[in-house]
Amino acid sequence: MKQKLAIGLVLGAAATAALAGPIEDQIRFRQSAYSFLGWNTAKIKAQAVDHPETFNKEEVVAAANAVAAVANSGLLGLYGEGSAEGTGWKPSRLKVEYFEKKDEVKEIEAGFIAEANELQKVAASGDVGAIKEQFGKVGKTCKSCHDLIRVRE
Amino acid sequence: MKVEVHVWDWPLRLFHWLLVLSVLGAYLTGKEGGDWTDWHARFGSAILGLLVFRLIWGFIGNTHARFSNFFPTVPRLFAYIKGDWHGVGHNPVGALAVLALLSVLLILVGSGLFANDDIAFEGPLYSLIDKDLSDKLSGWHIRAVNVLLILVAIHVTAIGFYQHVKKNDLIKPMLTGKKKLPGTLAPTAVASVGIARFVIGVLLSVSVVWYVWGGDPLKYLQPLAGIQSAQAGGKIQ
């Protein structure tokens, strides 16, 4: 039984590794994810925060859907061992300390997912003030992760 | 015999306490992030305006506000250490702290103008430089906060030391402008504030902040300053 479990675990780990691919791929995927995220948050920021007169519900809803999709995509699967030193599109900015702070980051991710899901809901309502407020809450979860495990340039 | 002397002019005191509030506000909102980032930018702009005012006031302000009056030159520092300094305004070591604080705040404001947080904030001058440089300046912006915290800690500790150990109250003079001094030093008291100078300082400070945020202060300043600046304004634009 124990042996089966061990084999299962090893196979499972191998499968996960194969799915995420080599470290460079992981770093590229996550950098792309955040860059795509940035495109969408910039739209929400422009239309709901900086220039509410340009608010376009359809575009903001689409952007909020994309933000929620990225948040729910299991980003932490892209942070394999050794991915703090590697290079994707550009050198990784992950602090090595990440690997000791995984639990804390996991919690931040849960917060990010919850706030992003809420943003998706609020965006659908079309209430610009509420979107602005919820957008701020999403931004806070980004910041707590940046402050914790992202290397400062 | 001790005499009460007017040392700090009211624009300097106003500057000091507004700076305290703005720095505190900028620090807290910067830590908090999210929705508060807009307020961080507002406090930062206030600090920019205050610093510009202080730099101008360092040249056209009253006696003890002027840099030339308290600049910590080597002879002044040596005199202070030997106990031979008998000035009225900032003592030479205090002056070092003043200049250090102003410098680190200038670095913070300067880098903040070009910074981005990779979330939802771009400083008003962000678009003038490329992203890599902005990222670097954003990193230095955050590092400089630690230097600021150290300097503020030294500033506050030193004032506490003067207050309790040397029995020299530095806080009340920064509120009332008046210091109790030995009669022999009394003649160096400051004159009353030139209101025209104060208005010039404020107008220039507001203009800088406004300009940084994409405004066009020259358009409004030209009629105020008359023909001379109207000619210069044409060239600048």
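How much of chain A is made up of buried residues? Of the 153 residues in chain A, 26% are buried, where buried means that 20 or more other C-beta atoms lie within 10 Å of a residue's own, exposed means 12 or fewer, and partly exposed is in between, with C-beta atoms placed from the backbone.

Before you click around: this is a predicted model, where local features need pLDDT of at least 70 and side-chain atom pairs count only at pLDDT 80 or more, while totals for chains, interfaces and linings use all residues. Residues are numbered from 1 along each chain as its sequence is written, and chains are lettered from A and ligands numbered from 1 in the order in which they are written.

**Stop 1: chain A**

Select chain A and colour it by secondary structure. You'll find five helices and zero strands, in the pattern α-α-α-α-α along the sequence. Helices here are DSSP runs of H or I with at least four residues, strands are runs of E with at least two, and both are numbered from the N terminus. Of the chain A contacts with a separation of 6 or more, 70% join residues 24 or more positions apart; a contact means C-beta atoms, placed from the backbone, within 7 Å.

Now pick residues 23–50 of chain A, helix α2. Its end C-alpha atoms are 38 Å apart, which agrees with the 40 Å that its 28 residues should span at 1.5 Å a residue; the expected span is 1.5 Å times one less than the number of residues. Show side chains and look for its buried residues, among them A:Ile23, A:Ile27, A:Arg30, A:Leu37 and A:Lys45.

**Stop 2: where A meets B**

Bring chain B into view. Twelve residues of chain A are in contact with twelve residues of chain B. On the chain A side, α2 and α5 (128–149) each supply at least two residues, and α5(A) gives the most, with eight. What classes turn up on that side? It has one nonpolar, four polar and seven charged residues, counting Ala, Val, Leu, Ile, Met, Phe, Trp, Tyr, Cys and Pro as nonpolar, Asp, Glu, Lys and Arg as charged, and the others, Gly among them, as polar.

**Stop 3: the cores**

Next, select B:Ile47, B:Leu50, B:Leu51 and B:Val109, which touch the most other members of the largest nonpolar core, a group of 25 residues. Such a core is a set of buried Ala, Val, Leu, Ile, Met, Phe, Trp, Tyr and Cys residues joined through C-beta atoms within 7 Å. Helices α1 (10–32), α2 (37–60), α5 and α6 of chain B each give two or more residues to this core, and α2(B) gives the most, nine. Apart from it lies another core of 22 residues, including A:Ala63, A:Cys142, B:Ile119 and B:Ala120.

Zoom in on B:Leu50: beyond its neighbours within four places in sequence, B:Leu50 is in contact with B:Phe15, B:Leu18, B:Leu19 and B:Ser22.

**Stop 4: two loops in chain B**

Go to B:Asp118, in the loop between α5 (92–114) and α6 (131–164) of chain B. Its phi is near 55°, a positive value in a residue other than glycine. Most residues other than glycine have a negative phi. Is B:Asp118 buried or exposed? B:Asp118 is buried, with 20 other C-beta atoms within 10 Å.

Then hop to B:Lys167, between α6 and α7 (171–176) of chain B. B:Lys167 also has a positive phi, near 55°, but counts as exposed, with 7 C-beta neighbours inside 10 Å.

Key
Contact = placed C-beta atoms within 7 Å.
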